[in-house]
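Here is a short exchange on how the terms applied to a structure follow from their definitions.

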Amino acid sequence: MLILREDLKNLLFCYFRKYGIIKYTRVEVNMDLIRLKNVEKKYKNGVTAIYDLNLAIEKGSFTFVIGGSGSGKSTLIKMLYREEKPTKGQIIVGGLDVAKLRNTKVYKLRRKLGIVFQDYRLLPKLTVYENVAFAMEVIGATKEVTRKNVLRALEEVGLKNKVHNYPDQLSGGEQQRVAIARAIVNNPKLLLCDEPTGNLDPERSLEIMKVLDGINKTRGTTIIMATHDKEIVNAMKKQVISLKDGHLVSFKKKGTYVDESI
Amino acid sequence: MRVFRMLGRSIRDAFKSVIRNFSLSLASISCITITLIIVAIAIMASFNVQNFTKEIEKDLTIVIFLNNDATEEDVDRVNKQLSQISNVDKNSITFESKQEVKQQMQEESEVFDTVLDEWDDEESPLKDTYQVKVKNVEKISETADKIKEIESVNTVRYGEGMVEKMVTAFSSIEKVTYGIVIALVIVTVFLIINTIKLTISARRREIGIMRLVGASNFTIKTPFIIEGMILGLLGSIVPVIFTTYGYLMFYKHFDGYLFTQLIQLIKPEPFIYSTSVIVIIIGILVGMVGSAGAVRKYLKI
């Protein structure tokens, strides 16, 4: 019965696509939010960052991507938000074929996900509130919705009392939490983190991890986080993708930081 | 509704940017101002030249004197032959007989009156005349030559030489002004491209973050294009004042004529308004094209 329903769904999608009711490919049939098929990335200078990668990441999961420098973990994250295009293969994020996405349509993907960087990337001339609200304003949300969502996101990261401060009045950990609030304010399905704790001491890092774990649990947001912080990975006990020199070494549920993979 | 909200945001951002980079904005505004003043002068000059050439062309007539012994049949024949020449405007052919000419001259002054009274029709030195207008002024001399060949035509007169030179001189002036205007507009477009480029590079970080949080390219570009339009609009204020008051004063000072009664200026009333509108439109368009160029080149998104 279940199989029959799935088939019917597929048939319907094909039909819709044929008559232009759905514009882009929707491959999201099962619970996988992200799917990579035979992905290869070769940079223009001849360096190959990723070799033939196959992955499927479930909705609502929390995944670490680990590996040393040059292992391709940053490239993997960048390909997921279409900063880089794969040279070969297929990447599907939330039903969008990322590799085929035209430059002018990238915003459709970006609205489905939030991104957090090592260097926070906040706007120095805007307050905490304005920085978070910025993400909603540019996609044309009304003031009331913006206010509601921004305050909720700031409460979730524990910064409701610093709404009117400027980024340079905050500590590194607090700035990173503002960046997280900005990434989740639009209720994305997916949160990508590229070494979010790279600039922080272990205590602050743990705070950030608590915030991320909370988001994963309360909102059900899928989180993918690239890191090389051994302690964090070992403490969190989430699924771990380890990469080495562009090759997938292992993909474990409740994984730890394996020394050989560095 | 969402589009309006975004547009409001774009306009607000554009004004902010103009004020934030005030010195730079002032530089491009003054550039646009200077260009538009020259453009306005060129527009007014070329319209006046056009108007003036048209007026002259309207007044330009060929006068044909027939032989003294021309009979009535001769007069009719000449009329027919005149209307067969292609460049002659058939509706404009007017005939004045000796008697009519005489009467006119007598009315004009007492001296003529007494002198002309002594001649009767037979011995009068006056001639029957035709007045003819041409369709194409540039071919007036050829047409005059053709008319000369008609039998019983004695002399053909039009403002030989002088009129032709004037017309060609003015038309070449017109072409030069067009050239200057086009060159200036291009220079201004490049200046605006540079100004907007600088404002863009000052906001690179912001644009990068906008891209990351899912702003569409349209959302990112619109503020810059509106900024260019605002620069163009602000730059056209002084030229508009200049055209309206400048032309009014110019017109009053010369009493509507330039140098001679022949060169008539266009009346200022509707003319200054239409020129102002053209100047404003050119300003806004130049600003828009310039910033669109900068955005396209510099954002590459």
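Q: What makes up chain B in terms of helices and strands?
A: Chain B has 11 helices and 4 strands, where helices are DSSP runs of H or I with at least four residues and strands are runs of E with at least two, numbered from the N terminus. This is a predicted model, in which local features need pLDDT of at least 70 and side-chain atom pairs count only at pLDDT 80 or more, while totals for chains, interfaces and linings use all residues. Residues are numbered from 1 along each chain as its sequence is written, and chains are lettered from A and ligands numbered from 1 in the order in which they are written.

Q: Why are α4(A) and α5(A) called oblique to each other?
A: Helix α4 (residues 128–137) and helix α5 (residues 143–156) of chain A pack at an angle of about 130°. Angles under 35 degrees count as roughly parallel, over 145 as roughly antiparallel, 65 to 115 as roughly perpendicular and the rest as oblique, and α4(A) and α5(A) are therefore oblique.

Q: Which residues of α4(A) make the contact with α5(A)?
A: From α4(A) they are Tyr129(A), Val132(A), Ala133(A), Met136(A) and Glu137(A), two residues being in contact if their C-beta atoms, placed from the backbone, lie within 7 Å.

Q: How many residues of chain B are in contact with chain A, and which element gives the most?
A: On chain B, 16 residues are in contact with 14 residues of chain A, and α8(B) gives the most to that side, with 5 residues.

Terms used
Axes are lines fitted to C-alpha atoms, for helices over the stretch in contact, and angles run from 0 to 180 degrees between N-to-C directions.
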